[in-house]
Amino acid sequence: MSNSPLAEWRPSPNFNSRNGEPIDLLLLHYTGMESEDAALARLCDPEAQVSCHYLVRTDGTRLQLVDEKDRAWHAGRAAWSGARDINARSIGIEIANWGHAALEEGEPLPPFSPRQIDSVIALCLDILTRHKIPARRVLGHSDVAPERKLDPGELFPWHQLAKAGIGHFVSPKPASPEPVLALGAEGEHVADLQSLLALYGYGVTVSGVYDERTQTIVAAFQRHFRPERIDGIVDHSTLHTLHNLLAAIDEI
């Protein structure tokens, strides 16, 4: 068994074989449920057919639900760098947090507690000692499934993880008021943007048309790398951040 010494074993029946796929991606989620006990119950319910390798509670307690050698069911329909079976090649961490569902109830987007983030950092560092996962492949659910998911959300402190040596992050410039590219634009500049997003890993089609899917993927990129403003509109800050991330790949 491949278990973290930092987590209590709480097995879920929801897993299958990776079928020989390499583990080269670490995927972070929030549970999206107000009750973390209800989230844990769902992740262990055979009828729900969802699971993850680890769950981090709000108090920082860590639970392991699926052995790292097995394929947990956390990513769903997703893609990254041409791969579509993200579950087969990833380790999934669910972080107990109500997330954007809170907005539907008139509540503000709930932050992650410092204790919880410290726990996530320790768990990620532990996982990375066993698996050669590139920094640029430590991702959020919204990166690999931008049309379906928003987690772990714009309040997740990716910059804090990067300071601890986890993930890929560059300091973005402040958002600028003037748009560079937006919905409905067409031409070479749009194709160049789409090519850069695809080169980083996003599942965008290089069509030269700034369609709704491109807008959604740009919003997902902003949510992870430039959360100051998430509108799916490319400004100089968004473009600068994307260029800097790609330039930094050779340095990590």
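**Around helix 6**

Guide: The crossing of helix 6 with helix 7 is left-handed (the near helix is turned anticlockwise from the far one by less than a right angle; clockwise would be right-handed). Before we go on, please note that this is a predicted model, where local features need pLDDT of at least 70 and side-chain atom pairs count only at pLDDT 80 or more, while totals for chains, interfaces and linings use all residues. Residues are numbered from 1 along each chain as its sequence is written, and side-chain values use heavy atoms, with hydrogens and water left out.

Helices here are DSSP runs of H or I with at least four residues, strands are runs of E with at least two, and both are numbered from the N terminus. Helix 6 and helix 7 pack at about 55°, their axes 12 Å apart (axes are lines fitted to C-alpha atoms, for helices over the stretch in contact, and angles run from 0 to 180 degrees between N-to-C directions). That makes helix 6 oblique to helix 7: under 35 degrees counts as roughly parallel, over 145 as roughly antiparallel, 65 to 115 as roughly perpendicular, and the rest as oblique. On the helix 6 side, L193, Q194, L197 and Y200 meet T214, I217, V218, F221 and F225 of helix 7; contact means heavy atoms within 4.5 Å.

Helix 8 is another partner. Its axis lies 10 Å from that of helix 6, at an angle of about 40°, which makes helix 6 oblique to helix 8. This crossing is left-handed too. Here L193, L196, L197, L199 and Y200 of helix 6 meet L239, L242, H243, L245 and L246 of helix 8.

Now look at L197. Leaving aside residues up to four places away in sequence, L197 touches Y202, V204, I217, V218, F221 and L242. L197 is also among the residues with the most contacts inside the largest nonpolar core, alongside W80, I86, L193, Y200 and Y202. That core has 31 residues (a nonpolar core joins buried Ala, Val, Leu, Ile, Met, Phe, Trp, Tyr and Cys through side-chain atoms within 4.5 Å; buried is under 20% relative accessible area, exposed over 50%, partly exposed in between, with a 1.4 Å probe and protein chains only). Strand 3 (25-30), helix 6 (188-200), helix 7 (212-225) and helix 8 (236-248) each give two or more residues to the core. Because domain 1 (8-164) and domain 2 (179-250) both contribute residues, the core lies between them; these bounds come from an automatic or database domain assignment.
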